[in-house]
Amino acid sequence: MDAIDRLGLATALAKARKSYQEGGIPIGAALVHHGSSSGPGDAIVMGTGHNSRIQKSSATLHGEIAALEDGGRLKADIYKRSTMYTTLSPCLMCTGAILLYKIPRVVIGENQNWVGGEDLLRSHGVEVIVVDNEECKELMRKFIQEKPEEWNEDIGE
């Protein structure tokens, strides 16, 4: 991973840890805009978030949705030159938001605990990178073991 990817994933992971500490589902996300060039100095974190369904009693506040919300209304060109970083493979709702805003690249911390819409993203030309991060895997595995009913609710089961 390059410096921008390390920044993006570290930011998402910090949000996942925060959610877990609050009693929520430990999935974090960050939307990072790459600016006018590919240098790390041009990267700007536009929005961050974590899954807050439990904390806010929300039906839709997944990590990626929270990051988009935190970023506010952005011009289409911003999304088209950004990467969504997420600690877990995005569900179909979050995949849909990524496709809607034409975010061209998604970096995923892990997909061993659950696989979401990765194939759908790829089929629409989105670059999908799975990092296979150990901390992301362990944090999610721990949550699923501790709170299986909340996890199943989150994924619609």
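Helix 1 passes helix 7 in a left-handed crossing; left-handed means that the near helix is turned anticlockwise from the far one by less than a right angle. This is a predicted model, where local features need pLDDT of at least 70, side-chain atom pairs count only at pLDDT 80 or more, and totals for chains, interfaces and linings use all residues. Residues are numbered from 1 along each chain as its sequence is written, and side-chain values use heavy atoms, with hydrogens and water left out.

**Two helix pairs**

Helix 1 covers residues 3-21 and helix 7 covers residues 134-146; they pack at an angle of about 20°, with their axes 11 Å apart. That angle makes helix 1 roughly parallel to helix 7, a label for angles under 35 degrees. Here helices are DSSP runs (H or I, at least four residues), numbered from the N terminus. Axes are lines fitted to C-alpha atoms over the stretch in contact, and angles run from 0 to 180 degrees between N-to-C directions.

Where do helix 1 and helix 7 meet? On the helix 1 side the residues are L13, A16, R17 and Y20, and on the helix 7 side they are E135, C136, L139, K142, F143 and E146. Contact means heavy atoms within 4.5 Å. By class, this contact has six nonpolar, no polar and four charged residues. Ala, Val, Leu, Ile, Met, Phe, Trp, Tyr, Cys and Pro count as nonpolar, Asp, Glu, Lys and Arg as charged, and the others, Gly among them, as polar.

Now for another pair. The axes of helix 3 and helix 5 (residues 92-100) come within 8 Å and cross at roughly 35°. E64, I65 and L68 of helix 3 touch M93, C94 and A97 of helix 5.

**The cavities**

There are two cavities of 30 Å³ or more. A cavity is a set of points on a 1 Å grid over the protein atoms alone where a 1.4 Å probe fits but cannot get out, and lining residues have an atom within 4 Å of a point. Points are joined across faces, edges and corners, and a volume is the space filled by probe spheres set on them.

| Cavity | Volume | Lining by class |
|---|---|---|
| Largest | about 90 Å³ | seven nonpolar, four polar, two charged |

Of the 13 residues lining the largest cavity, I27, H62, S89, C91 and D154 are the closest to its centre. Helix 3 (63-71) and helix 8 (148-154) each supply at least two residues of that lining.

The second largest cavity is lined by L13, A16, P26, T87, L88, C136, L139 and M140. Helix 7 gives the most to this lining, with three residues.

Conventions. Parallel < 35°, antiparallel > 145°, perpendicular 65-115°, else oblique. 1 Å grid on protein atoms, 1.4 Å probe; cavity = no way out; pocket = protein on both sides within 12 Å on 5 of 7 lines; lining within 4 Å.
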